[in-house]
Amino acid sequence: MNEKIGKELTTKWLAWEIHFYPQTDSTNVRAKALGENGVHGTLIVAGSQTAGRGRRGRSWESPEEKNIYMSIYLKPEIEVAKAPMLTILMAYSVAKALRNTFGIDAQIKWPNDLVLNKKKICGILTEMSIKQNAIEYVVIGTGINVGNKEFPEELKKSATSLFLESGRLFPRAKIIAEIMNVFEEEYERFCKEEDLGWIQDAYNQMLVNCRRDIVVLDANGEYSAKALGINEKGELQIEKEDGTKDVVFAGEVSVRGIYGYV
Ligand code: BTN
């Protein structure tokens with residue numbers, strides 16, 4: 001796997017160190033185990049996970065079905081408050097890589113999912129270690145349903161795979177490498193600009209809920225609103241039912257469509 005990924009890489013530093021596990025507990029856990037002395041840009045990939053982690057303490061189904069389970073380890077010199085933008089940047093990079101290289105029309109469900117035909121094909125879990133109010137390291141974990149032939153009953157309505165939607169088995173190594181190639185470029189620009197203004201328009205064009213009614217779930221409960229797209233900080237701009245405008249922050253809320261997942 002390492003060689004196959006390496007052959008397709010055009011990066012200057014990202015994924016120059018790759019750790020591949022045929023099976024492991026969770027690539028995020030492996031990346032965090034690198035601790036403070038890990039190499040910036042290390043990529044961890046697994047064939048399957050026995051303890052795949054999702055957002056909000058959920059688990060992530062990780063069977064050995066030719067899917068992608070990967071995490072990158074980064075040491076960004078940015079403020080802690082800007083770290084959630086990295087999730088937005090990864091979702092954007094995955095969508096861009098799938099579109100440009102394979103013609104897959106994936107859309108983004110803010111902040112950390114990708115959908116195809118209204119069902120989830122990708123989830124992103126960003127975790128970080130903070131020391132003395134500064135970022136020690138960030139781990140961005142990405143799971144992509146590439147080869148699943150079926151899903152457990154409870155996920156069938158909301159999850160799908162590239163194989164189920166297209167009948168094709170896409171090469172994982174090439175997908176991973178393309179995501180690394182795109183992400184490195186976007187990440188370098190992000191580190192210079194420290195916001196997401198330059199991707200805002202392209203991101204919003206791929207945003208599945210843009211200009212549509214959504215339900216926002218936050219710590220105080222849920223309310224209906226219309227999604228207006230992200231701003232330059234990666235926050236979701238919304239219009240509430242009373243016409244007032246507001247923004248919601250990644251990490252604090254969950255968003256869904258009025259009829260279900262999208
Ligand atoms: C979510 O949608 O809840 C986020 C899912 C993130 C899953 C990926 S798979 C690779 C990495 N390792 C994990 O344990 N989780 C992430």
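Reader: Which side chain has an N or O atom 2.6 Å from an oxygen atom of the ligand?

Author: A polar contact is a pair of N or O atoms within 3.5 Å; within protein, one must be able to donate a hydrogen and the other to accept it, and residues adjacent in sequence count only if both atoms are side-chain atoms. Here the side chain of Lys120 places an N or O atom 2.6 Å from a ligand oxygen. Ser26 also uses its side chain, at 2.7 Å, while Arg53 uses a backbone N or O atom, at 2.7 Å. This is a predicted model, where local features need pLDDT of at least 70, side-chain atom pairs count only at pLDDT 80 or more, and totals for chains, interfaces and linings use all residues. Residues are numbered from 1 along each chain as its sequence is written, and side-chain values use heavy atoms, with hydrogens and water left out.

Reader: How do I read strand 5, and are its faces buried or exposed?

Author: In a regular strand the side chains alternate between the two faces of the sheet. Strands are DSSP runs of E with at least two residues, and helices are runs of H or I with at least four, numbered from the N terminus. Buried means under 20% relative accessible area, exposed over 50%, partly exposed in between (1.4 Å probe, protein chains only). In strand 5 (residues 113-116), Asp113 and Val115 on one side and Leu114 and Leu116 on the other are all buried.

Reader: Which strands does strand 5 join?

Author: Two strands pair if DSSP finds at least two bridges between them. Strand 5 runs antiparallel to strand 4 (residues 107-109), with 3 bridges, and antiparallel to strand 6 (residues 119-131), with 4 bridges. Asp113 is the bridge partner of Lys109, and its partner in strand 6 is Gly123.

Reader: Which residues have the most contacts inside the largest nonpolar core?

Author: In soluble globular proteins, nonpolar side chains tend to be buried together. A nonpolar core is a set of buried Ala, Val, Leu, Ile, Met, Phe, Trp, Tyr and Cys residues joined through side-chain atoms within 4.5 Å. The largest here has 66 residues, and Leu43, Trp110, Leu114, Ile175 and Met180 have the most contacts inside it. Helix 3 (residues 84-102) gives the most to this core, with 12 residues.
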